[in-house]
Amino acid sequence: AYTFLGRWGFTTRDVENALQIRQSILRDERERLEKANPEEREKLQRVAMEAARKVGMSHNTLGDFGRYTGHLDNALNQYTDALKLFREAKDTTWQAKALCGMGETYRRLALDANERGNVEARDEFLGKALENMQSSLYLCQKYQIDGERDTALRRLGRYYHDLALLEMKREKNRDTEFI
């Protein structure tokens, strides 16, 4: 409800509280797995992977909130943590989601850097954006994650649209340099 109302502070607070609970559960499950006898290990491995996936979902949600509210550095940190946990959980759908979120965040950082005239940072962020978006699309195609593939393709479309606009602006600036 807070998200729907745009009350990001309350939303973030609640998701951060959920994250702390989920992290506690994950720590407990990892300890149980570490102490388990061989007969219990397979079952406890699945439980620990599910706990990791849930912690990753909280990080991913916080990454989304950071991206929506313009806290892009925090968003990247959250997506990075989420991606590590989704890889641990072997959840390719959520890996694709996190990679797409990271790619979009880097795309926005590139636009911000461009506005500040920092071409080096812009180009670095554009490279990272493309890398993450392409990685997301690759996972979607490989594992037939159709719903997320649509998102990855839209984000790549935005990326290439931005590149075209940047190039048009460069061309316009070149044309007016001699006037």
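Good morning. The largest nonpolar core here has 31 residues, and those with the most contacts inside it are Tyr-106, Leu-109, Phe-125 and Tyr-159. The elements that give two or more residues to this core are helix H4 (72-88), H5, H6 and helix H7 (146-176). Apart from it lies another core, of 11 residues, among them Leu-26, Ala-51, Val-55 and Phe-65.

This is a predicted model, in which local features need pLDDT of at least 70 and side-chain atom pairs count only at pLDDT 80 or more, while totals for chains, interfaces and linings use all residues. Residues are numbered from 1 along each chain as its sequence is written, and side-chain values use heavy atoms, with hydrogens and water left out.

Some terms, briefly. A nonpolar core is a set of buried Ala, Val, Leu, Ile, Met, Phe, Trp, Tyr and Cys residues joined through side-chain atoms within 4.5 Å. Buried means under 20% relative accessible area, exposed over 50%, and partly exposed in between, with a 1.4 Å probe and protein chains only. Helices are DSSP runs of H or I, at least four residues, numbered from the N terminus.

Let me turn to Leu-109. Leaving aside neighbours within four places in sequence, Leu-109 is in contact (heavy atoms within 4.5 Å) with Leu-72, Asp-73, Leu-76 and Phe-125.

Next, helix H5, residues 92-115. Its 24 residues reach 35 Å from first C-alpha to last, close to the 34 Å expected at 1.5 Å a residue, where the expected span is 1.5 Å times one less than the number of residues. At the start of H5, a side-chain oxygen of Asp-91 comes within 3.2 Å of the backbone nitrogen of Thr-93. After H5 comes Gly-117, with a positive phi near 80 degrees.

Beyond four places in sequence, Arg-122 touches Ala-110, Ala-113, Asn-114, Leu-166 and Arg-170. The side chains of Arg-122 and Asp-123 are joined by a polar contact of 2.9 Å; such a contact is a pair of N or O atoms within 3.5 Å, one able to donate a hydrogen and the other to accept it within protein, and residues adjacent in sequence count only if both atoms are side-chain atoms.

Finally, Arg-30 belongs to helix H2 (residues 8-35). Arg-30 is partly exposed, with a relative accessible area of 37%. Not counting residues up to four places away in sequence, Arg-30 touches Leu-85 and Glu-88.
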